[in-house]
Amino acid sequence: MSEFVSPYSKGGGGSRFENLVGLQYATNLLSGRLCSFGEQIEEIAWQTDRDGFDDIRLAFVPDSGLLDTIDIQCRHRQAFTGGDSKFQDLVADSVGFVREYEGSVPVTHALAIVVDWASPANRDMRDLCDLARSYPTLEGFQANLDVVRGKLFQRWKHAQKAAKGLCTDEELFRALQVLRIDSVDIEQESSPARIQILEELSSFWTPPDRHRGIALVGAIFEIVTELNSSGGHIDRSQLLKRLGPLAPPTSHTKTRRERLKNLAEAGVSRSASVIGMIGLEPHHASNLARRLITEPTRVTTESSIAVVTGPIGIGKTTELERHHRRAIEQALDNPKAPLPIHVLAAQIATESLESIVERERAFLSGEPSAPVALTIDGLDEVDLTLERILPTLNTLTTRSPGSTVLISTRATVSKSIKQLKIPKLTDEEATALIDEVRKHRAFHVHGRPERVEMLQRPLFALYFAISGNTSEKRKTEAELIDSIARQACSEVKPAVFEKLIQLAVKCLNQGGGAVPQLEVALLPAELNQLLKSRIVVTVDGKLRFQLAVLTEWFACFALLRTPDLLEETVSSPTMARRWRYAHAQALRQSDEVNADRIMACLTEHSPGTAAWVSNEAKDIVSFGRANDFAPDIVTPKSRILLADSHWYRTLAKLPDLHNPSNPEIEFEIETIPGEVRLGTRPRGTGGPTRVQSVFSRDNAWWWVRQAQPRDSGKWIWEWTLDSAIRTVDKWLENGASLNAVPAARAELAFDFAHHILDTSHRRTTEPIRIEDLEAVIRPIREQAPDSRVTFVRGSRKLDLQEAELFVASLKSWGWVEVKSPWPTPDRLARWVWDNWSPEQLLKRLTVSTKAALNIYQQLVDSFLPDLKPSLNTYAMLPARVLGSVAFTDDEGWEGQPRIHWRLQPLPPDQNNDALWTIANIETAYARTDWNELSAEFEAVRGRQAQPPSFTVHGGLPGIYESRPAGLMALDLLSSDLKAIKWCTTIRKLDSSVRFAPIDAGPTDELAY
């Protein structure tokens, strides 16, 4: 629309926003399409007599929906907080409206607040009002909020604060029921709503005429602006008359064909509304809805009456819209085709199905007995069973031959009715849907089975896609599941919620699957309540959640209420891993007390899952999201010390720990509103006690950690974990104490000796004598007999005292020379890999990779013993490195050998081993059968509740270096630590770090 200049393209202020909103409604009035409230507009009035909601009044076409009238207040920005005076006025006016109806909620009259899409908390307020309408009583509404809490609970508290002293909670609840919250992105020329308006008006011409549409937009906006300032009103015929020559041709007179086209657009609007509620912008929601409902149907039937079934989120509503759309297209092509009629089950609750069908049939100018293609959506969402309406349906299909009825429900129906189960999306289909919403950002459906199951249902695939589409909407997987679960149980009664929690605990304790009904010990009435919740299903006499990820969400509430259960869930590594997603959800719901209790228990009993849980529960922080920080919070020092000491307990054997629990470290904590500073330094260093900013030039503290508190119970554990992770990262980068590992002694001695002499291990293959090392060290010491000296050898700096201690250690070990523990190069060549012949490289791979497993095992045993149960490689030990190397005749970079390897588990009583073979280049990498690898592990270790993952590695970068075994061990360790979130990335040993081995006990016998 950039080429169009109109009165509405400039300006600002509240009246401009009102005029833009009015433009959108006037466009709906002219086109006959449903407005954002799901109704067809008959008349628009401005500056009405409704107190507080006097900007716009919409009168709807009779029988187009449930509402007749809605009064609207337009607010460009509106804070839905208890202390905001304008929000207090809106609440007061809503309460006054309810009192006019003597405290009852009018069915046909409603109020609405329309705000800009970026207005804070508008989605939460909208969801709160929607939730209120889903409950007939205040007790049920409050019970739901008390159970699930979260953002809607906080918004209810704001509403109560705004209404304080004004009304009772009952009146406030009724006020929320009549209130609608709508948001629109219409401010800029490129805004989705602006684009939608232009497209809607341009489509009056065939083909669509953009230039005429632009002129029509400008004319309508001028009319709306005038009516808004004068307090006028207008209907469709008056609008057409005022447009004069700019009015579109034919003006879409109500012919049968045009009515069918309107029905098609209504289907798009319904689907777009559902997608928009998830969070997609209106323009994109409309485009996506149009594509989805015009796809081929996923189920077909020849039966006159059939039921579309499937679990939550599988796409039953969308499938009915597809069938309805196909019926519309057939009616457009063939005047004798069945008339398409789409009915929401909620309509049948207030009007008989017979009258609905008769009215819709007449609307389409059909004969009284004309066949219909009837679709009824959401039968399980109202207190209505198929058996109650089946006689009516049978009569319909008998009196109107050729009629078909398709009904969607999650409830169990009679086997005599044809049931059509919607198939889940394939991985490829789910990937395509997610990529479409994310604007083709590369993604592939993967992960744990519960996650894949969730993404193979269209509704949750859209949830996932939208949650990662923009920085403002990004959500973690745990946050996404929390959002889905809260919506799924929005209408669940408290008693049923408690039963769902009990069922979830039993499901998780048995591995996450279905539980026999007898074990749940439910009365028939209680079982019926569970099934009516539409969250649980029965399969072969067993109960399970319709969506597996809901199991962990419900179970988390048991963890929050039952301290003994928390300890049971970490009683073994298997249990801790099985419950880890529930732990993460519980942490998300926790206040400070529960967060400290959960994380203290996890770090003490299952540190291998504790970091993963904290990371999984972590919120995404971005500049686009409000309320990330809580500037008024003062964090207790005791909580910082508690969290720090628990994380660093796992790292107690690592050197140079800068944490308050280290007795050799002096620390100071400063907590001020909105900021926390923790400074550490070696005890006895002295200097000022105040911890200055990390950016201060005169900072006397060696390490200052700084953070802004967040409004959650868990943030302190996340912050202190970040510090512990940085410690692990630095430890890995500095060699992970390899010099203290006996199995690495020979390799490090060989490497350090070459650096003292400044020689290359690839060019100098002969053993290095101790006399040669002393010949380098002695003259330097003679020049500086009493000083700490760093000397340069080539491009490397070495510490003279460390070199002297190294030579003394060699003598104490009885060594007279230092030689390579691995097969050395047996030829000279340009490319590094060509320095070893195929036979020599095979020997080097065999010996060094076996040693790498021993080094890895000793590293974990010595420095990270508490993490053993959670490290994937450690779970495989003892193991054999099973590898192959393929050689090629290619020149240059393409000529390097192709190396592939994996770990093969061995019986527990055997030692680590390695077996390498030479492979054919064409078959060097064969596709691995993961089921075979799992069976191989089970054959030697027995059946495991949670077997390790299996990886086929391509390449071994360190094999040509002087420390191939140590580098491989560090790669395995850092990869394992990253998987459980104890380090941030796969850190390799810094190539500039050179150190001598220290006396750490007997060394392994070399195999070479």
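A: One term to start: two strands pair if DSSP finds at least two bridges between them. Helices (H or I, at least four residues) and strands (E, at least two) are DSSP runs, numbered from the N terminus. This is a predicted model: local features need pLDDT of at least 70, side-chain atom pairs count only at pLDDT 80 or more, and totals for chains, interfaces and linings use all residues. Residues are numbered from 1 along each chain as its sequence is written, and side-chain values use heavy atoms, without hydrogens and water.

Q: OK, in which sense do β4 and β5 pair?
A: Parallel. Strand β4 (residues 109-116) and β5 share 6 bridges.

Q: Which residue in β5 is opposite D116?
A: That is V184.

Q: What's the strand order in the open sheet?
A: The 6 strands run β5-β4-β3-β2-β1-β6, with mixed pairing. β5 (179-184) and β6 (233-235) each have a single partner strand, so one side of each lacks a neighbour in the sheet.

Q: And how much are neighbouring strands turned against each other?
A: By 25° on average, direction ignored. Axes here are lines fitted to C-alpha atoms, for helices over the stretch in contact, and angles run from 0 to 180 degrees between N-to-C directions.

Q: New topic. How many cavities of 30 Å³ or more are there?
A: There are 2. On a 1 Å grid over the protein atoms alone, a cavity is a set of points where a 1.4 Å probe fits but cannot get out; lining residues have an atom within 4 Å of a point. Points are joined across faces, edges and corners, and a volume is the space filled by probe spheres set on them.

Q: What volume does the largest cavity have?
A: About 70 Å³. Its lining includes F87, I113 and M125. α2 (85-100) and α6 (169-178) each supply at least two lining residues. α2 gives the most, with 4 residues.

Q: What about the second largest cavity, which residues line it?
A: Among them are L956, P957 and D971. Its space is about 30 Å³.

Q: Last one. Is α30 mostly covered or uncovered?
A: Covered: 16 of its 19 residues are buried (under 20% relative accessible area, 1.4 Å probe, protein chains only).

How values were computed. On a 1 Å grid over the protein atoms alone, a cavity is a set of points where a 1.4 Å probe fits but cannot get out, and a pocket is an open set with protein on both sides within 12 Å along at least five of seven lines; lining residues have an atom within 4 Å of a point. Buried means under 20% relative accessible area, exposed over 50%, partly exposed in between (1.4 Å probe, protein chains only).
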